[in-house]
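Try each task before reading its solution.

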Amino acid sequence: MPLVQLEGVSKIYRVGDQEIRALDTVDLVIETGEFVSIIGPSGSGKSTLMHLLGCLDAPTSGRMQICGNDLSSASQNRLADVRNREIGFVFQAFNLLAKLDVVGNIELPLVYSGMRAAERRRRAEKVARDVGLGDRMANRPVQLSGGQCQRVAIGRALVNDPRIIFADEPTGNLDSATGEMILQMFRDLNASGKTVVLVTHDPDIAAVSRRVIEIRDGKIRREYCP
Amino acid sequence: MNVLVALQIGLREIAAHKFRSFLSMLGIVLGVASLISTIALTTGIERGTRAFMQQVGGLEYVNVVNKEISTKMFEFWNLSPGRTLHDAQVIAASAPLISHISPELAVGAAISSGSHADRRQVRGIFPDHFVVSRHELLAGRFLTDLDVERGLRSAVVGDEIVRLLWPELRPPAVVGKTLLINDRPFEVVGVLPKYERDEDRRRRALDSGNRSIRRSGRRWDPFRQKNESVLIPYSTMFFDFRAGQFPLDSMESVRLDALTLRVGDLDRFRPALDQVRAALDLTHRGVDDFDLDTREEWFDRMESSIRATKLSGGLIATISLVVGGIGIMNIMLASISERVREIGIRLAVGARGRDIFVQILVESISIAFIGGLLGVAAAFGLIEILKLIAPSENVPVMTTGGIVFSVCFAVLAGLLSGIYPALRASRLNPIAALRYE
């Protein structure tokens with residue numbers, strides 16, 4: 001069974017009495033170990049697709065299966081559990097909690113999976129070292145550079161050992177050299193067996209992946225291998 | 001996520017915004033402080049009143065009083081011998097629910113210590129009198145059956161009498177002195193303590209610095225009669241002062257000046273009164289010339305005024321706690337709209353709505369609980385101030401029950417006021433929350 005499988009998935013938003021078809025009968029299959037980029041201009045529906053794939057939202061119609069879970073009409077709690085166990089997120093704006101230090105941010109998903117405090121800390125510290133922040137564990141996000149913040153976010157995405165990692169414009173807030181380093185991290189992750197889905201508007205960045213899906217007006221326009 | 005983690009997050013949140021948290025606690029602090037103080041005040045009043053009730057004889061005290069006979073019965077008036085020692089003997093024999101009986105004779109007499117003299121009421125009593133009127137003893141002994149049996153000239157005197165006749169002596173030293181009653185010498189065998197209400201005692205303690213003329217003279221003092229007691233044996237009273245007023249009077253048939261009783265078991269108060277009534281109907285030959293005067297109504301009034309005080313005080317304090325709860329809700333709502341993004345992040349990494357709900361609720365309860373504890377501290381201070389500015393009132397009494405109740409009430413206010421903000425926070429859409437600026 002593929003890791004991700006979408007069949008005729010649509011997402012319709014209602015604004016007043018107007019229907020906005022953000023995604024229109026999309027079919028998509030992602031296999032384990034793939035490195036996929038989703039590109040498209042703003043308003044194309046790529047964010048909506050990403051939210052569906054990331055279990056932040058449920059589709060209006062169509063069948064959706066992620067990591068063996070049929071999520072076609074799942075409850076919010078069900079989605080939360082899948083997010084917690086199977087999925088790691090990396091955002092453009094890092095989305096770290098300013099009140100927590102590096103380890104505190106990294107261990108956040110474990111808090112909600114009900115792990116004991118000592119075990120949580122041990123695992124978060126190990127991940128912090130893995131992403132190259134071993135000497136920064138007690139720092140708060142404001143004391144870190146943008147690249148370091150994104151490493152914390154990657155660490156947070158990895159700490160629950162998910163099968164799939166979503167990155168939404170992960171280099172958008174970084175200078176090109178740092179961005180290149182972050183992209184290299186994703187490549188390394190993919191090489192170590194993780195499935196990576198990268199969302200971007202920039203075809204050059206999408207070129208790091210092995211499969212590019214271009215979205216426009218809520219439909220998959222074309223797919224190619226760079 | 002367990003509650004412990006939520007507590008940790010909540011406490012960190014409170015610590016991160018100390019001033020804001022304090023402001024939101026303030027209502028709870030004041031509410032708890034006023035609730036505890038109110039409970040302490042009313043408890044003080046209650047205790048003072050109850051102690052007072054006990055000192056004036058308690059609910060068990062029953063007074064057999066004379067009653068005007070109705071005009072229809074007037075011709076039979078002479079049939080009744082009135083209240084006599086015989087009544088007391090019959091009650092003792094036929095009313096087992098009455099534990100103590102105190103018949104009294106009284107006479108106005110000149111009393112003197114040799115150097116000081118005055119006219120006062122002297123009362124002839126039986127030893128039961130000390131139980132019925134709840135006398136305590138400062139020094140010496142009470143009158144005994146032997147005193148009555150032998151008609152001894154022994155006397156027990158109250159505090160006012162000691163001050164009047166032996167102003168230079170300390171009350172205990174009066175035991176053994178000679179008291180002249182209508183020029184007959186009596187030996188003082190016992191001295192009673194000074195009976196006073198709690199508030200008078202406190203006022204006296206306060207005034208002791210400047211021993212001025214401020215006596216509580218004019219005010220109604222329920223203990224005046226007890227403090228002015230000059231008590232001698234019933235038999236001595238009869239033979240020395242009452243015999244011969246009416247030639248046919250005997251110790252048994254002379255009309256009493258007072259007849260008071262003590263009910264043994266309050267649970268059987270009514271049956272006890274019925275027994276007394278039956279006995280007296282017999283001795284008074286059916287003439288309806290007596291009545292049983294009890295403290296029930298009087299005490300009921302006191303009890304209901306205590307209840308009213310409690311209720312109104314509690315109500316005001318409760319309102320202030322509710323206001324405190326609204327304060328918490330206000331701050332929690334402001335706090336979650338400030339933390340929408342944080343909540344979005346937590347949702348994105350796998351928090352369920354329930355986790356967010358618990359987190360906000362625990363935070364709200366923590367604020368209320370900490371506020372409640374501060375309120376307890378404030379209440380201690382408040383009560384000290386109350387003691388200073390209102391010394392004549394009954395001492396406020398802090399009870400553990402009152403403190404626990406108030407804190408629990410504060411926690412309840414925190415819980416209730418946290419539910420709505422927690423519900424709102426837990427229903428946030430993760431995508432919208434993440435995009436929120």
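The exercises that follow concern a predicted model.

**Exercise 1. The sheet of chain A**

Task: Find the order of the six strands in the open sheet of chain A, and state which strands stand at the edges.

Solution: Step one is the order, which reads β6-β7-β8-β3-β9-β10, with mixed pairing. Step two is the edges: β6 (87-90) and β10 (219-224) of chain A each have a single partner strand, so one side of each lacks a neighbour in the sheet. From one strand to the next, the twist averages 20°.

Now look at one pair. Strands β6(A) and β7 (residues 164-168) of chain A run parallel and are joined by four bridges. In one of these, A:Gly88 has A:Ile165 of β7(A) as its bridge partner.

Helix α7 (residues 176-191) of chain A lies across β3, β7 and β8 of chain A, at about 150° to β8(A).

**Exercise 2. The contact between the chains**

Task: How many residues does each chain give to the contact?

Solution: Chain A gives 20 residues and chain B gives 17 residues. On the chain A side, α2 (76-86) and α4 (108-112) are the elements that give two or more residues. The largest share, six residues, is from α2(A). By type, the chain A side has eight nonpolar, seven polar and five charged residues.

**Exercise 3. One residue of chain B**

Solution: B:Val404 belongs to helix α14 (residues 400-426) of chain B.

Technical notes. Residues numbered from 1 in each chain as written. Chains lettered and ligands numbered in written order. Predicted model: local features only at pLDDT ≥ 70, side-chain atom pairs only at ≥ 80, totals over all residues. Contact = placed C-beta atoms within 7 Å. Nonpolar A, V, L, I, M, F, W, Y, C, P; charged D, E, K, R; others polar. Pairing = 2+ DSSP bridges. Axes fitted to C-alpha atoms, helices over the stretch in contact; angles between N-to-C directions.
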